[in-house]
Amino acid sequence: MSVYIVLLGPPGAGKGTQAKVVSQKMGLPHISSGDIFRENINNLTALGTLAKGYMDRGELVPDDVTIAMIQERLSRPDCKPGALLDGFPRTPTQAEALERILLQFMGEVAIVPYINVPEAVLVDRLTGRWTCRAGAHVFHEHFNPPQKTGICDYDGSELYQRDDDKSETVSHRIRVYLQQTLPLIEYYKTQGKLLEVDGTLPIDRVSSVLLEELSRTVTG
Ligand code: AMP
């Protein structure tokens, strides 16, 4: 049976960092909508050009565009065993679309880990975040610094600050999250699928809590 996991949480909660660990341990592809948009921007595709304006302003890319992109990605063969979704869905419309998409593959969302981090902590986390050019590995200048300033520990590529991690955009992204994505917590809670995890714990601790809970739910 396929296992589809949706990772929820505000921007800066550590979804991307945790998704990398969990997807590797569980052998599921990590599907990050933000990473796919950024790849499209780097490759100068029409989708990238369209998405860039929204992303730079800290707004959401329109639902129809985002849903079509994720539908295409989920239909590739590597998603047969399931997938770990990071950053999608972000609106109730996207969550409903995901249900329809997964039904086509005879699947459904198994569990929704929600990495909860208080709003006050998020701004510091986002504005101090540095992302690697090659593999989208993520560091933080205080909380998770790289061994060498400006260089990724994993692949040696340059670290840069995402445009949307600059302080002007960060507070808008958090507002957008509260307005558009927060309703999903109730949506998945009602379905009995929400698994709340304390995202203020150290990174390794969050990973082990997540892996423990997921293996319990998914295996049985
Ligand atoms: P992230 O890397 O997940 O923080 O996403 C970066 C940006 O990409 C967001 O601020 C949005 O502009 C856009 N984005 C990512 N995922 C979605 C989504 N599911 N729906 C709409 N926009 C998205």
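This is a predicted model: local features need pLDDT of at least 70, side-chain atom pairs count only at pLDDT 80 or more; totals for chains, interfaces and linings use all residues.
**Exercise 1. Work out how Lys52 and Asp56 pair up, and why they are about one helical turn apart.**

Solution. First, the pairing: Lys52 and Asp56 make a salt bridge, and their closest N and O atoms are 2.6 Å apart. To count as a salt bridge, a side-chain nitrogen of Lys or Arg has to be within 4 Å of a carboxyl oxygen of Asp or Glu. Now the spacing: both residues are in helix 3 (residues 46-56), and because they are four residues apart there, about one helical turn separates them. Finally, zoom out: the structure holds twelve salt bridges.

**Exercise 2. Describe the surroundings of the ligand.**

Solution. Begin with the shell: 16 residues surround the ligand, and the closest are Ser33, Arg38, Glu59, Gly87 and Gln94. Sort the shell by type and you get five nonpolar, five polar and six charged residues. Which helix gives the most to this shell? That's helix 2 (residues 33-42), with four residues.

Now go through some atom pairs:
- Arg38 has a polar side-chain atom 2.8 Å from a ligand oxygen.
- Gln94 places a polar side-chain atom 2.9 Å from a ligand nitrogen.
- In the side chain of Arg162, an N or O atom is 3.1 Å from an oxygen of the ligand.

**Exercise 3. Locate the cis peptide bond that joins Phe88 and Pro89.**

Solution. Look at the bond between Phe88 and Pro89, where omega is about 0°. Then place the proline: Pro89 is in the loop between strand 3 (82-86) and helix 5.

**Exercise 4. Describe how helix 8 meets helix 5 and helix 7.**

Solution. Take helix 5 (residues 92-104) to begin with. Its axis and that of helix 8 (residues 183-190) come within 9 Å and cross at roughly 35°. On the helix 5 side you'll find Pro92, Ala95, Glu96, Leu98 and Glu99, which meet Pro183, Leu184, Tyr187 and Tyr188 of helix 8. By type, this contact has seven nonpolar residues, no polar ones and two charged ones.

Now turn to helix 7 (residues 167-181). The axes of helix 7 and helix 8 come within 5 Å, again crossing at roughly 35°. Here Tyr177, Leu178, Gln179, Gln180 and Thr181 of helix 7 meet Pro183, Leu184 and Ile185 of helix 8. This contact splits into five nonpolar, three polar and no charged residues.

Definitions and conventions: Residues are numbered from 1 along each chain as its sequence is written. Side-chain values use heavy atoms; hydrogens and water are left out. A residue is near a molecule or strand if one of its heavy atoms lies within 4 Å of it. A polar contact is a pair of N or O atoms within 3.5 Å; within protein, one must be able to donate a hydrogen and the other to accept it, and residues adjacent in sequence count only if both atoms are side-chain atoms. Helices (H or I, at least four residues) and strands (E, at least two) are DSSP runs, numbered from the N terminus. Ala, Val, Leu, Ile, Met, Phe, Trp, Tyr, Cys and Pro count as nonpolar, Asp, Glu, Lys and Arg as charged, and the others, Gly among them, as polar. Axes are lines fitted to C-alpha atoms, for helices over the stretch in contact, and angles run from 0 to 180 degrees between N-to-C directions. Contact means heavy atoms within 4.5 Å.
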